[in-house]
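Please look over the sequence and the 3D structure below before reading on.

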Amino acid sequence: MDYLYFPGCTLYTKAKNFDQTARNCSLLLGFELKELPNWTCCGATFPLATDNLMALLPPARILASAREQGTVLTTLCAVCFNVIKRTNRLFQEDGEKRDKINNFIEKNYQGDLRVVHYLEILKQEVGFPQLKERVKRPLTGLRAAPYYGCMLLRPFEEMEFDDKERPTIFEGFLEALGAKVVEFPYKIECCGSFQSVGSPDVATECAYKILGSAMKNGAEVVVSTCPMCTFNIDHKQSDIKQKYLDFKTIPVLYFTQLLGIAMGLDHRTLGFEQNFVDPLPLLKGKGLV
Amino acid sequence: MKIELTRQKVHNEFAKKVELISGQNLFACYQCGNCTAGCPISFAMEIGPHEAIRYTLLGLEEEVLGVNTFWLCASCLQCTSRCPKGIDIARVMDALRMVVLRRKERRDHIQISEFPEGFLEKVPQIAFISGFRKFLS
């Protein structure tokens with residue numbers, strides 16, 4: 001089956017490695033990501049002020065346009081997923097706002113699209129046991145910490161993605177690839193998000209706590225589902241090092257990059273040059289590339 | 001700061017405005033502090049989110065709008081997810097931001113022209129767009 005796919009702005013620029021590895025892996029797993037034509041930015045934040053309908057227009061347009069092409073829309077970026085899924089939910093539940101937005105964008109979208117994350121496709125459509133059978137290069141001995149962040153999980157009632165305090169989908173995915181899952185208490189804590197623009201020092205501190213906790217529990221690599229998180233916990237490691245002199249860097253990979261390794265893709269196609277901390281020494285040491 | 005204990009300031013216009021924008025019932029808050037305890041950024045906040053709610057209820061408008069608390073909120077929704085009274089606290093923090101940003105004098109929280117050199121090339125688009133939506137009027 002093919003899936004309508006919304007990449008989002010960052011996957012076209014600073015997270016090309018996330019986009020490319022997901023597309024390549026999906027072909028190996030027997031489905032294709034069909035890019036939504038003429039997509040725009042999703043707005044990158046779900047408006048929390050209840051009277052702010054303007055910020056709902058971009059995701060509403062995306063949903064309406066996707067519904068003209070199919071019935072299921074998938075995303076990779078956790079922030080896009082959150083914004084689009086919450087807007088879809090609002091279209092299902094709030095008739096007044098739905099009509100107002102539809103009138104404005106001159107569409108008639110009724111909220112009848114299914115919004116799924118790539119991880120959900122891997123779990124529900126491919127299946128983790130089947131995924132395990134298709135792994136060509138098991139990540140045996142790699143101690144990986146699954147970092148969920150916030151946007152996939154919260155608000156729990158609207159995202160309906162996984163348990164709000166003890167999610168397990170990411171663990172199931174890493175186990176299917178043969179990795180050793182590292183449990184750590186900061187796996188659902190915030191990375192600081194857009195505070196990297198407002199108060200960068202605060203975001204650095206959040207990242208330091210997350211990475212410190214993962215390393216203390218034995219992680220060799222932290223795995224992410226979000227370009228915002230990845231910026232904060234990977235690229236900001238240079239800022240952490242300046243503040244905490246004894247800090248040792250740790251590679252941060254997108255889950256699709258690990259999937260790519262496990263599916264036997266050539267490591268030169270996995271876009272490691274966009275990762276701030278070079279994962280190659282670790283992966284070579286484990287005999288994975 | 002001097003706080004006068006009186007019942008007159010409760011149900012003030014400012015609290016009503018915050019309730020209207022956030023869509024939340026602030027009077028449901030019983031000050032358990034769960035939001036502040038679970039907040040990943042409370043270490044840097046001048047007052048905790050639960051205190052910001054209390055200040056708002058007491059009508060201490062200038063005092064609560066003067067702290068950094070709601071500017072530092074990253075909308076991660078940990079507080080919202082854990083509030084035993086079902087208050088979407090992140091919406092309350094956003095409403096406080098909105099009260100400032102929608103004022104006539106339009107005071108932005110960040111100045112794009114003051115970003116350090118190379119910042120725009122380094123930071124991903126997604127962070128800028130959500131940051132601009134939260135910090136610019």
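In chain A, four strands make up an open sheet in the order S2-S1-S3-S4, and their pairing is parallel. Strands, like helices, are DSSP runs numbered from the N terminus, with at least two residues (E) for a strand and at least four (H or I) for a helix, and two strands count as paired if DSSP finds at least two bridges between them. This is a predicted model, in which local features need pLDDT of at least 70 and side-chain atom pairs count only at pLDDT 80 or more, while totals for chains, interfaces and linings use all residues. Residues are numbered from 1 along each chain as its sequence is written, and chains are lettered from A and ligands numbered from 1 in the order in which they are written.

- Strand S1 (residues 2–6) and strand S3 (residues 72–75) of chain A run parallel and are joined by three bridges, and A:Tyr5 has A:Thr74 in S3(A) as its bridge partner.
- Helix H5 (residues 118–126) of chain A lies across S1, S3 and S4 of chain A and runs at about 90° to S4(A).

**The sheet S6-S5-S7-S8 of chain A**

- Another open sheet of four strands in chain A has the order S6-S5-S7-S8, with parallel pairing.
- Its edge strands are strand S6 (180–181) and strand S8 (252–254) of chain A, each of which pairs on one side only.
- Strand S5 (residues 143–146) of chain A pairs with S6(A) in the parallel sense over two bridges, and the bridge partner of A:Arg143 in S6(A) is A:Lys180.

**Chain A as a whole and its domains**

- The secondary structure of chain A comes to 14 helices and eight strands, and its C-alpha trace spans about 55 × 45 × 30 Å along its principal axes.
- The radius of gyration of chain A is 19 Å, which agrees with the value near 19 Å that a compact globule of 289 residues would have; this radius is taken over C-alpha atoms, and the globule rule is 2.2 Å times the number of residues to the power 0.38.
- Chain A is assigned domain 1 (2–118) and domain 2 (127–285), where the bounds come from an automatic or database domain assignment.
- The C-alpha centres of domain 1 and domain 2 of chain A lie 24 Å apart, and their contact takes 23 residues from domain 1 and 24 residues from domain 2, with two residues counted as in contact if their C-beta atoms, placed from the backbone, lie within 7 Å.
- On the side of domain 1 of chain A that touches domain 2 of chain A, helix H1 (16–28) and helix H3 (78–93) of chain A are the elements that give two or more residues, and H1(A) gives the most, with nine residues.

**Chain B: helices and domains**

- Chain B has nine helices and zero strands.
- The radius of gyration of chain B is 16 Å, close to the 14 Å that the globule rule gives for 137 residues, so chain B is as compact as a globular protein of that length.
- Chain B is divided into domain 1 (13–103) and domain 2 (109–137), and 24 Å separate the centres of these two domains of chain B, taken over C-alpha atoms.
- The axes of helix H1 (residues 13–22) and helix H7 (residues 89–101) of chain B come within 8 Å and cross at roughly 115°.

**Where chain B touches chain A**

- The contact takes 35 residues from chain B and 36 residues from chain A.
- H1, helix H5 (69–72), helix H6 (78–82), H7 and helix H9 (125–135) of chain B each supply at least two residues of the side of chain B that touches chain A, and the largest share of that side, ten residues, comes from H9(B).

Note on methods:
Axes fitted to C-alpha atoms, helices over the stretch in contact; angles between N-to-C directions.
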